[in-house]
Amino acid sequence: MIDRRLAVGLAFLLALACGGAQGGADDATAAKAKGQTPRGAKVFNRDCALCHGESGQGQSGSPPVMGQGALPLKGVGGDAGPFRTAKDVFDYVKKTMPKPAEKAGSLSDADYWAVVEYMLIGAGRDVPAGLSDANAADVVINK
């Protein structure tokens, strides 16, 4: 017979494994992000989702980039942040992503802008369509 505490613990772990605490962008926010920037969704799925998860929840030691709490002012990790504006996020992502380090900076600027726009929308931030170097410094994401 299984100990009651063991059974409760196993049930809790099963609930987590089945999505009880996934995080990342919720379905509506993910759909909004995909609809507003299909290119960003494509680039994210191709170059970012392996480490950050399909809904940006973070996995494999990588931080969440979409959903509640993603892209905080102070960033996550030793060299990330501060993320005050969309330009800060772009500069960081272009300098350090995708992983491994030898691939960092390997995307076109258009792909980096698209994925940053996608992540910011997926993180619930208000972002103008066509995020670019011309407007990103004015897009405040954290005060």
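Reader: Is D111 buried or exposed?

Author: D111 has a relative accessible area of 11%, so it counts as buried (under 20%; exposed is over 50%, partly exposed in between, with a 1.4 Å probe and protein chains only). This is a predicted model, in which local features need pLDDT of at least 70 and side-chain atom pairs count only at pLDDT 80 or more, while totals for chains, interfaces and linings use all residues. Residues are numbered from 1 along each chain as its sequence is written, and side-chain values use heavy atoms, without hydrogens and water.

Reader: And which residue forms a salt bridge with D111 at 3.5 Å?

Author: That partner is R46, with 3.5 Å between the closest N and O atoms; a salt bridge puts a side-chain nitrogen of Lys or Arg within 4 Å of a carboxyl oxygen of Asp or Glu. R46 itself is partly exposed, at 49% relative accessibility.

Reader: Which residues are in the network of salt bridges with them?

Author: R39 and D47 are linked with R46 and D111 in that network.

Reader: Switching topic, how many salt bridges does the rule count?

Author: The count comes to six, and one of them joins D109 and K94, at 2.5 Å from N to O. D109 lies in helix α6 and K94 in helix α5, so this pair ties together parts 15 residues apart in sequence.

Reader: What is the relative accessible area of D109, and of K94?

Author: D109 is partly exposed at 38%, and K94 is partly exposed at 30%.

Notes
Helix = DSSP H or I, 4+ residues; strand = E, 2+ residues; numbered from the N terminus.
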